[in-house]
Amino acid sequence: MVSHLVNTIRNVVGITGNVIALFLFLSPVPTFIRIWKKGSVEQFSPVPYLATLINCIVWVIYGLPMVHPNSILVITINAAGTAIEVVFLTLFLIFCHDKKKRLKVLLIIMVELIFMAALATLILTVLHTTQRRSIIVGIIAILFNVMMYAAPLSVMKLVITTKSVEYMPFFLSLASFANGVAWTTYAFLPFDPFIAVPNGVGTIFSLAQLLLYATYYKSTKRIIAARKEAKMEMHLSLSEVTVANGDVDPKKTAGATP
């Protein structure tokens, strides 16, 4: 009776975690809409998307029935996450005008795919029990899951340096925090250290990002407002210089000539 109740709660929490994780994977959509409109990736980093891609792939492997049985909720959401990250990285490559940066991203993607293919092959051919497969893939999954949560740390450094959260998407940090809480809870029903450890660490990282966002939110508004004001002053100065030099459209002055 108790085990049935625990299993029911686990499924409910797992489904909730799947919904939150989907929001996590989709949270960069506003960022990519901005990239699409501006036609450039600007100072946005590809690191979070590269880290999330390899994290999702390794969790798909972990959730396979021949690796860790009864993990359908793990495999479904991470398969969806893999597809979403492929779309995001494709858009990043399209709108990245720095050839060296684009080549670097492509090489990292290739290395990730080769590594995951080699891992899946070795796990399924060398290890012959689900327990051993779960342990090995679980340890690797912990490492990549922590990397996914830690990926925004490079952006956090930029935030502290510039005192601006403009290039640290708020919804990504919020979704990461909610996702970490949900999957940490899931991992205790019953206890699964391979899910509990990385998501517990991820919850702490995400909370740090949210605190940083709250700290520099007002200064970011001031910086953006000052930038817009500077642009307006520049346009006014250029207009004044143009008028002072007599650079006026001949068609407009022709009718005024006596």
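In this predicted model, the protein chain exposes about 14,800 Å², and carbon and sulfur atoms supply 73% of that area. Buried residues account for 42% of the 258 residues in the chain.

Along the principal axes, the C-alpha trace spans about 100 × 35 × 30 Å. Among contacts between residues at least 6 apart in sequence, 79% join residues at least 24 apart.

Aromatic side chains were examined next. A pair of aromatic rings is described by the distance of the centres and the angle of the planes. The count comes to 12 aromatic pairs. One of these is formed by Tyr62 and Phe194, with 6.3 Å from centre to centre and 70° between the planes. The arrangement is edge-to-face, because the angle between the planes is over 60 degrees. Tyr62 belongs to helix α3 (residues 47–63) and Phe194 to helix α9 (residues 193–244), so this pair ties together parts of the chain that are 132 residues apart in sequence. Both Tyr62 and Phe194 are buried. Elsewhere, ring pairs link Phe170, Phe171, Tyr213 and Tyr217 into a cluster. Helix α8 covers residues 170–186, and helix α9 covers residues 193–244.

The backbone was also considered. Most residues other than glycine have a negative phi. Glu42 has a positive phi, near 50°, and is not a glycine. Glu42 is found in the loop between α2 (29–38) and α3. With a relative accessible area of 27%, Glu42 is partly exposed. Lys163, likewise not a glycine, has a positive phi of about 55°. The place of Lys163 is in the loop between α7 (153–162) and α8 (170–186). Lys163 counts as partly exposed, at 46% relative accessibility.

Methods:
Residues are numbered from 1 along each chain as its sequence is written. This is a predicted model: local features need pLDDT of at least 70, side-chain atom pairs count only at pLDDT 80 or more; totals for chains, interfaces and linings use all residues. Side-chain values use heavy atoms; hydrogens and water are left out. Rings of Phe, Tyr and Trp (its six-membered ring) pair if their centres lie within 6.5 Å; planes under 30 degrees apart count as stacked, over 60 as edge-to-face and the rest as tilted. Helices (H or I, at least four residues) and strands (E, at least two) are DSSP runs, numbered from the N terminus. Buried means under 20% relative accessible area, exposed over 50%, partly exposed in between (1.4 Å probe, protein chains only). Contact means heavy atoms within 4.5 Å. Accessible areas come from the Shrake-Rupley method with a 1.4 Å probe; for residues, only the protein chains shown count as cover.
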